[in-house]
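Have a look at the picture before reading on.

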Amino acid sequence: MSLKEKLENISKESGSKMPDEVKAKMKQQIEELKSTGIIANSLGVGAKMPEFELPNAEGEMVSSADLLKNGNLVLTFFRGVW
């Protein structure tokens with residue numbers, strides 16, 4: 001099974017457990033985001049991400065170029081406190 005198929009299955013499974021009002025609110029929020037033009041300003045599939053520099057857990061600045069010297073780079077984004 002491909003990753004795409006696995007993700008589709010997870011989406012279907014979680015959607016079946018979600019109340020309709022939650023699904024409707026999520027759909028509304030997605031449409032609001034789309035209306036801001038965010039998609040036009042986002043990287044597309046296969047696009048190369050620009051180099052960047054961010055603080056690590058110790059507050060030290062780390063560049064993507066330095067990290068890529070060690071191999072592939074995976075980014076995760078933590079939204080913070082809900």
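Predicted model: local features only at pLDDT ≥ 70, side-chain atom pairs only at ≥ 80, totals over all residues.

How about the overall dimensions? The C-alpha trace spans about 45 × 35 × 30 Å along its principal axes. The radius of gyration is 18 Å, while a compact globule of 82 residues would come out near 12 Å.

Some whole-chain values side by side:

| Property of the chain | Value |
|---|---|
| Share of the 82 residues that count as buried | 5% |
| Accessible surface | about 7,900 Å² |
| Part of that surface belonging to carbon and sulfur atoms | 59% |
| Distance between the centres of the positive and negative sets of side chains | 8 Å |

As for charge, the chain carries 11 positive side chains and 12 negative ones.

Now let's zoom in on Ser63. Where does Ser63 sit? You'll find Ser63 in strand 2, which covers residues 61-63. Is Ser63 buried or exposed? Ser63 counts as buried because its relative accessible area is 15%, and the cut-off for buried is under 20%.

A polar atom of the Ser63 side chain lies 3.1 Å from the backbone nitrogen of Asp66. If you set aside neighbours within four places in sequence, Ser63 is in contact with Phe52 and Glu53.

Key: Residues numbered from 1 in each chain as written. Heavy atoms only, no water. Rg over C-alpha atoms; globule rule 2.2 N^0.38 Å. Buried < 20%, exposed > 50% of the residue type's maximum accessible area, 1.4 Å probe, protein only. Areas by Shrake-Rupley, 256 points an atom, 1.4 Å probe, with all protein chains shown as cover. Lys, Arg positive; Asp, Glu negative; His and termini not counted. Charge placed at Lys NZ, Arg CZ, Asp CG, Glu CD. Helix = DSSP H or I, 4+ residues; strand = E, 2+ residues; numbered from the N terminus. Polar contact = N/O pair within 3.5 Å; in protein donor to acceptor, adjacent residues only side chain to side chain. Contact = heavy atoms within 4.5 Å.
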